[in-house]
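These notebook entries record what I looked up in one structure, element by element. I begin with a sheet and then follow other features in turn.

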Amino acid sequence: MNSYILEGGQCLRGEVPISGSKNAALPVLAATALLEGQYRIKNVPLIEDTLTLIDILKLLGAGVEILPAGTVVIDSSSINNCTAISEQVGKLRGSYYLLGALLGRFGEVNLRMPGGCNFGSRPIDLHLKGFRQLGAEVVEAEDIVSCRTTGLKSNSIFFDIVSVGATINMILAAVKAEGTTTIYNAAREPHVVDVANFLNAMGASVQGAGTDIIKVHGRDKLNLRGTYAIIPDQIEAGTYIAMAALTGGNIKLHNVIPSHLEALIAKLSEMGVSFAIGEERISVSMKPGQVLRSTNFVTAPYPGFPTDMQPQIMVLLTQADGVGKVTENVWNNRFQYVDDLRKMAARIVTQGRSALVTGGSKLAGTEVQAHDLRAGAAMVMAGLVAEGQTEIQQVELIERGYENFVNKLRDLGVQITRQVDTSPKEDFFKINYVS
Ligand code: EPZ
């Protein structure tokens, strides 16, 4: 496993360009498999997850060309296969968007269960229930999900739980269902809106994305060519913002959509962080002598506070003045990384979905692991302010979702070494991923 090594006492200064959104790029790339033409997708972050999904599209028969600056040209007319059960499929969560895309296109799909970050059970029952309501027969055998239909029919679909993935998968399948499908209690994340905007740009009719009721009017034919640019990654942006706040730094972020960061900006302002908001940029700083004030966080579906910023703000609270409480309402086991923070002398008590964080902790550098994508970024944050040297192992998990992470940190003045593990390779994903 590769690792990062960094000394504490660092402070972020400078400018950082934000990449395209991982969680928008994955469903948009998968959605090209629903279409049957040539598409140019711009601002795709070239990270492990998107590159793996591109490989899967190629295995299905698509022609793919990756141009500089993250433009991906896909010819999906040559896709001639509705079965994707290779190991790559199990390496990421986003591969499950191929269920909706291939079912919509071919009326059939066989997919290996998806992988993704390991924080508790990550069922796909809502996706499969939705496909059944659209008229598909669904069979789950071992590690493979198979769906088939003689023709998808529109329906009203109500989700008991707000689910980003299930909402997007229903949109993908419903685009080709006869009639108008209505999705109730839909997820409202910016990446749900981005997929809907992409599909509409390609001739689909998806209304209400960004609200909790989405209507999809089935279409037989969609455009055979088109260009689309992925929105910026609000979680990548939030991560650098949290790092600047933590280290008392002063940074400017480019290519951001401030309205996607309202919850984060509101909560960090409560903590005493200063912001200057522009059209597509955000400046973050701490006033001289300003200390971080503790506050409470409750994660929730968008526009609530994003669960994907939970580990990062946990580290912020360890340095704030006072005791803060974090309640994780989206995932049932997303505090596993806290043990590594405790190894660094963080004072955090967890109970069920809540964590109490005592501020003013002097963190001590040591060897820690990146437990998952966002927890890994949080470990880097802790290393930036800890006493002494911190080594973070398994950084492949971080690099799955943060494009050009080390170079962007170095451009922000961070001294960080990336150590490549030259020992014989074990099958990293087999050990670290559960579906
Ligand atoms: C997406 O995961 C993101 N991943 C996650 O980001 C993010 O944490 C999550 O949405 C919530 O915002 C991608 O977009 C690739 P959900 P997803 O379906 O779609 C339960 C990151 O760091 N649920 O919204 O898998 C589920 O267990 C990653 O970028 C069911 O019970 O999340 C969870 O408690 C980590 N049955 C809740 O719903 C289902 O069929 C929300 O999950 C589906 C979900």
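The model is a predicted one. I looked up strand E15 (residues 250-254) and found that five bridges join E15 to E17, the two strands running antiparallel. Within this pair I located Leu253, which stands opposite Ile282 in E17. I then traced the sheet around them: it is open, has four strands in the order E2-E15-E17-E16, and its pairing is mixed. At its edges I noted strand E2 (13-17) and strand E16 (274-277), each of which pairs on one side only. I recorded an average twist of 15° from one strand to the next. I also checked which helix covers these strands: helix H7 (residues 234-247) lies across E2, E15, E16 and E17, and runs at about 170° to E15.

Entry 2, a second sheet. I found another open sheet of four strands, with the order E18-E19-E21-E20 and mixed pairing. Strand E18 (297-298) and strand E20 (347-351) each have a single partner strand, so one side of each is left without a neighbour in the sheet. I looked at how E18 is held: E18 pairs with strand E19 (residues 323-327) in the parallel sense over two bridges. For Phe297 I noted Val326 as the bridge partner in E19. Helix H9 (residues 310-319) lies across E18, E19, E20 and strand E21 (354-358), and I recorded its direction as about 30° to E21.

I placed Ser294 in the loop between strand E17 (281-285) and E18. Which residues does Ser294 contact, leaving aside its neighbours within four places in sequence? I listed Leu317, Ala320, Asp321, Gly322, Val323 and Gly324. For Gly322, I noted a C-alpha to C-alpha distance from Ser294 of 5.2 Å, although the two are 28 residues apart in sequence. For Gly324, I noted that the side chain of Ser294 reaches its backbone nitrogen at 3.1 Å.

I found that the peptide bond from Tyr302 to Pro303 is cis, with omega near 10°. Pro303 is in the loop between E18 and H9. I also found a positive phi, near 65°, at Asn43, a residue other than glycine. Asn43 lies in the loop between strand E3 (38-42) and helix H2 (48-59).

I looked up helix H3 (residues 97-106) and helix H5 (residues 164-174), whose axes come within 8 Å and cross at roughly 10°. The crossing angle makes H3 roughly parallel to H5, since angles under 35 degrees count as such. On the H3 side I listed Tyr97, Leu99, Gly100, Ala101 and Gly104, and on the H5 side Val164, Gly165, Ile168, Asn169, Leu172 and Ala173. I sorted the residues of this contact into seven nonpolar, four polar and no charged.

I noted the division of the protein into domain 1 (3-19 + 233-429) and domain 2 (22-217). How far apart do the C-alpha centres of domain 1 and domain 2 lie? I recorded 30 Å. The contact takes 24 residues from domain 1 and 23 residues from domain 2.

Key: Residues are numbered from 1 along each chain as its sequence is written. This is a predicted model: local features need pLDDT of at least 70, side-chain atom pairs count only at pLDDT 80 or more; totals for chains, interfaces and linings use all residues. Side-chain values use heavy atoms; hydrogens and water are left out. Axes are lines fitted to C-alpha atoms, for helices over the stretch in contact, and angles run from 0 to 180 degrees between N-to-C directions. Angles under 35 degrees count as roughly parallel, over 145 as roughly antiparallel, 65 to 115 as roughly perpendicular and the rest as oblique. Contact means heavy atoms within 4.5 Å. Ala, Val, Leu, Ile, Met, Phe, Trp, Tyr, Cys and Pro count as nonpolar, Asp, Glu, Lys and Arg as charged, and the others, Gly among them, as polar. Two strands pair if DSSP finds at least two bridges between them. A polar contact is a pair of N or O atoms within 3.5 Å; within protein, one must be able to donate a hydrogen and the other to accept it, and residues adjacent in sequence count only if both atoms are side-chain atoms. Domain bounds come from an automatic or database domain assignment.
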